Structure formats: structure tokens, C-alpha cells
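Trainee: Hi! Could you walk me through the aromatic rings in this one?
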Amino acid sequence: MKKLFTYSFMAAITLLLSCRDESLDPNKPWEPGVHGWGVFDGVAEAGKANIAANARNFPLTGQDNSKIDFKIRWVSLDNKLTVSKIAIKVDMIESYTDPDGNPKTVALGGGGRVVKTIDAPAANRQWNNFSITPAEIYNLYKDATVKYDKVNAVKVFENPARPRPAGARLQGPLVVGGKTVANADAFLVTWELTTSDGLVFRVWNEDSICLDPTPVSQANANCRLSFTVR
């Protein structure tokens, strides 16, 4: 009788385990993913100089003929996903002084607007080249407004309190009496990766993937590049 009970108990446990709902398992297997590695093109890689802030900047003058060159690649560590499109975004950071004399900054794009797309990116770990011009940023943000006086919305490029210099849509720091009262226009470039099966990867795992120290021949990932006007 004791043996019969033991066998029946073991059979019951086996049946329960075989009928377990795997969807309720809190320990989900890792899903495949992709990440990007964007750099300033033409900047030496030593010490990660090619991803340093302001490694390249727009000039104060001659902006109509200027551009900043970049390159980006996508990486799939397990080769399970393929990126079919890369959307390049840029956010413009406007600096000003409010009516109370406080320095303020505002991100005009709310996280960035698409400045261009790479519709047929090169294969895994292969570079894709692109450039960003002052004219492209101007066209993205020419209708953006800021309430500099906390009341009235004024177009950034038509602000009478800080007129744009002739022949330059984007401006450097505002210096009054030898003191900088407003910083130069600043820009933040990010990217969005879309895979062939419709998955979309944006900025994720800020504490690691954005500052991955892995050598270039391995994973290498980052999330943004920043530059200004000088």
C-alpha cells in the first residue's frame, strides 16, 4: 500500500509539472536585440575621441556650406535580427535667460525629430555614412516656439531679443560685457533601429549600453552624440 501511494504521488507530481503554464514563468528567456554605434566621422578613435561631445561642431560663420559627417553601424550579437531602417534624430537645445534673470534651456524637439533615414542599411557591423547640415536643422525647427517671457510664444529663429546673425541660422554663445549670458545652440543626435520583422529599438539600458567600453571589434554601443556651434 505504501509503495502504491508513493507511485501515485510521483505520477501526480509528474502530471502537474507537465501541465505547467510556461507563460506564467517569471524567468523569461532573453529575447534577441540590436544596438547602434554612432561616431563623428574623420575623428581618431583613440580614447573614444570619435564619440566625445563636441568632437565636431558647426562654425559660427559660413554655415551654408558646412556640415558634420557621421557614421553609424548596427550590431546584432547573436545574428538573429536584421536592421532594415535607421532613423537619425536630432534635438535642438535652446538656451536663454528668463525675465527673472535665470538661465534656461529647452529641448525644442522633445526627444528629437527625424532629420533623415537610412532605408537600406549595410549589413551587421558595417558602417553607414550620413551628414547633418545647419539648413536641415533649421528646416526641422523653423516653426518651433519658446515663451521667453513666460507668456508669448515666439519662433526661435525670429526672436527679436536675440537676432540671428546674417548668413548664420544657428548661433554661438551670447556674450554681454565679457559675460556669457546664454549658451550656444546645442544639438543631440540619437537613432532608432527598425528590424526586418518590425521590432523597433530606441535608447535602452542607459547605464550600460550607452557607455559600453567593449573594443570596436566587439559589441561597442552608444546612444547619442552631441555638438554645438563654435
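Trainee: Is Y96 buried or exposed?
Mentor: This is a predicted model, and in it Y96 has 16% relative accessibility, so Y96 counts as buried, the cut-off being under 20%.
Trainee: And what about Y148, buried or exposed?
Mentor: Y148 is buried too, with a relative accessible area of 11%.
Trainee: How many aromatic pairs are there?
Mentor: The structure holds 8. One of them joins F70 and F227, whose ring centres are 6.1 Å apart with 50° between the planes, a tilted pair.
Trainee: Where do F70 and F227 lie?
Mentor: F70 is in strand β2 (residues 68–75) and F227 in strand β13 (residues 225–228), so their pair ties together parts 157 residues apart in sequence.
Trainee: Buried or exposed, those two?
Mentor: F70 counts as buried at 1% relative accessibility, and F227 is buried at 2%.
Trainee: Back to the tyrosines: how are the rings of Y96 and Y148 arranged?
Mentor: Their planes are at 90° and their centres 5.0 Å apart, so the pair is edge-to-face. Y96 sits in strand β3 (residues 83–97) and Y148 in the loop between β7 (145–146) and β8 (154–155), so this pair links parts 52 residues apart in sequence.
Trainee: Which residues form the aromatic cluster?
Mentor: F40, F58, F70, F130, F187 and F227 form one cluster.
Trainee: New topic: which ring does the charged end of R73 sit over?
Mentor: That of W127, 5.1 Å from the ring centre. The charged end of R169 sits over the ring of Y138, 4.7 Å from its centre.

Key: Residues numbered from 1 in each chain as written. Predicted model: local features only at pLDDT ≥ 70, side-chain atom pairs only at ≥ 80, totals over all residues. Heavy atoms only, no water. Phe/Tyr/Trp six-rings, centres within 6.5 Å; stacked < 30°, edge-to-face > 60°. Helix = DSSP H or I, 4+ residues; strand = E, 2+ residues; numbered from the N terminus. Buried < 20%, exposed > 50% of the residue type's maximum accessible area, 1.4 Å probe, protein only. Lys NZ or Arg CZ within 6 Å of the ring centre and 35° of its normal.
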